Amino acid sequence: MDRTPLMPKATAVWLVDNTSLTFEQIAEFCGLHVLEVKGIADGDVAHGIKGMDPISSGQLTRDAIAKAEKDSSYRLKLAEPKVEVPEVKTKRGPRYTPVSRRQDRPNAILWLLKNHPELKDSQIMRLVGTTKPTIIAIRERSHWNSVSLVAQDPVALSLCSQIDLDAEVKKAASRLARERHEVEAVEPPKAGTLIPAEETIAAAPPPQPEPSMATALAQEAREAMAAPEEEEDVPDADSVFAKLKDLKRD
């Protein structure tokens, strides 16, 4: 698609007044209808519009105009700009909701809060074109009409398309999975949580085989032989004589 001048009607006014170009050439260059250019020439259209010189603005050259005046089949084109102006990307605002559908937005918000709690407030705002205070009021049951609200699918209410809803739900699910993975990688498992059976089996020591009866008896006999024998108390001769003297006195 060919580019059009910066001010099409003002440029057409200047070309009609200052050149001998045909109406078709001016209409095609300015992106206007031929009858509209004829109306400009007759004074019926563009009252009070001051003509803008496309040569001084760098949109046309004198050679291109002279060539087009000589050849009625020649089509004018905008001159290549000397400076490339980057395209300005505007931030997408909230979705526009028709007036007849605005009364259904609280019901749609309630449905989204019940069926898709993983959605962020900004995602709900994009889907149904609402505001954050309204979402908070419906979530906290402080909305002025919270008693009469009935959860309804926003797709059925024509507030958003199924493709947009699926895309937002998928985006929220991937975000939750990523956050859960980051938390598990940083924090150790909490106390009281069950450890998988594979880890408990791998960490437990292998069971020791019970000794047989013969082995147990042999061990007890070996311990008894290794224990030192206690020395018996043997009385000496003096103590014996002393005891005999005591018995004679009695």
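**Packing around one leucine**

Mentor: Leaving aside neighbours within four places in sequence, Leu76 is in contact with Leu21, Phe29, Leu60, Ala64, Ile65 and Ala68; contact here means heavy atoms within 4.5 Å. The model is predicted, so to speak of local features pLDDT of at least 70 is needed and side-chain atom pairs count only at pLDDT 80 or more, while totals for chains, interfaces and linings use all residues. Residues are numbered from 1 along each chain as its sequence is written, and side-chain values use heavy atoms, with hydrogens and water left out.

Leu76 belongs to the largest nonpolar core, which has 21 residues. A nonpolar core is a set of buried Ala, Val, Leu, Ile, Met, Phe, Trp, Tyr and Cys residues joined through side-chain atoms within 4.5 Å. Buried means under 20% relative accessible area, exposed over 50%, and partly exposed in between, with a 1.4 Å probe and protein chains only. Along with Leu76, the residues with the most contacts inside this core are Leu15, Ile26, Phe29, Cys30 and Ile40. At least two core residues come from each of α1 (8-18), α2 (23-30), α3 (34-42) and α4 (62-70); helices are DSSP runs (H or I, at least four residues), numbered from the N terminus. The top contributor is α1, with five residues.

A second, separate core has 19 residues, including Leu110, Trp111, Leu157 and Leu159. Ser158 lies in the loop between α7 and α8 and, at 54% relative accessibility, counts as exposed. Ser158 also has a positive phi of about 65°, although it is not a glycine.
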